[in-house]
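Please find below a colleague's note on the model shown here.

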Amino acid sequence: MKYILLMSGTKAGVDSYLAWSQKDRDAHMAVLAGIGKDLAESGEFVATQGLSDPREAKLVHGERDGMPVTDGIYPESKEFLLGYWIVDVETPARACAIAGRLSAARGPGGAPTNMPIEVRQFANR
Amino acid sequence: MKYILMMTGTKADFDSYSRWSREDLQRNVEFMRRFSKELKDSGAFVASEGLGWPHEAKIIRAGKDGEPVTDGIIPEAKEFLAGYWIIDVENPEQAYSIAAKASGAPGPGGRPGNIPIEVRQVLSSHADLGL
């Protein structure tokens, strides 16, 4: 069963991440890299990707005169996708357990970030 | 440059989609097939997936001992990812123009849906965030 684990945050959340110390960021990334390695070893890893800064996001609605209509205005509360992991697991509970580990990745001062991770199955099952 | 094009909607949007006529659904699916084929033929296609229904979504946080805790309550206004395309293009304008095509996918009665498509660059490394 393929699941996508989505990590999202508001612009304010991204700003606070950018203000973390390099040491905190390195420790956080080391945990994520460790989870990636475990998933590769268990054969559950499919793909992972980080996305660029939400300030660069564009919203496109159709075309006018053959040109895409872009619109840069977002509500402050909008949750932007920060990154995702695609995993191929035996059970939904396993997808949730991996999401729990991602959410437990350490943040500033070593405390878990407790970031919410959205768990979604692919439509093409 | 790799971009992700994301189609999102609230639960209400998904409910209205589930009530489309068979003919409207078929027209939309045919468009999506053709759109994917065009992306593959042009060499821009990297990956694409559709996601399951939002009512099956789970939001997970780590509990005290690192165990997964499921948050059951999701606000009505939450935008759920419906599906995405990852494309590899020469410049952002190309990404916007492909997004505009996806946005024009036919809706009820064959009129362009004009649903918003969020366009985001995919990072090749953490250095792309300027860190």
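The numbered points go from conventions to the interface and then to the strands.

1. This is a predicted model, in which local features need pLDDT of at least 70 and side-chain atom pairs count only at pLDDT 80 or more, while totals for chains, interfaces and linings use all residues. Residues are numbered from 1 along each chain as its sequence is written, and chains are lettered from A and ligands numbered from 1 in the order in which they are written.

2. Chain B gives 39 residues to the contact and chain A gives 39 residues (two residues are in contact if their C-beta atoms, placed from the backbone, lie within 7 Å). On the chain B side, two or more residues come from each of β1 (2-9), β2 (45-50), β3 (58-62), β4 (68-71), α3 (92-103) and β6 (117-121). Helices (H or I, at least four residues) and strands (E, at least two) are DSSP runs, numbered from the N terminus.

3. Strand β3 (residues 58-64) of chain A runs antiparallel to β6(B), joined by three bridges. Within this pairing, Leu59(A) has Glu118(B) as its bridge partner.

4. An open sheet of six strands has the order β2(A)-β5(A)-β1(A)-β6(A)-β3(B)-β4(B), with antiparallel pairing (two strands pair if DSSP finds at least two bridges between them). Its edge strands, each pairing on one side only, are β2 (45-50) of chain A and β4 of chain B.

5. Four bridges link β3(B) and β4(B) in the antiparallel sense. Here Asp71(B) of β4(B) is the bridge partner of Ile59(B).
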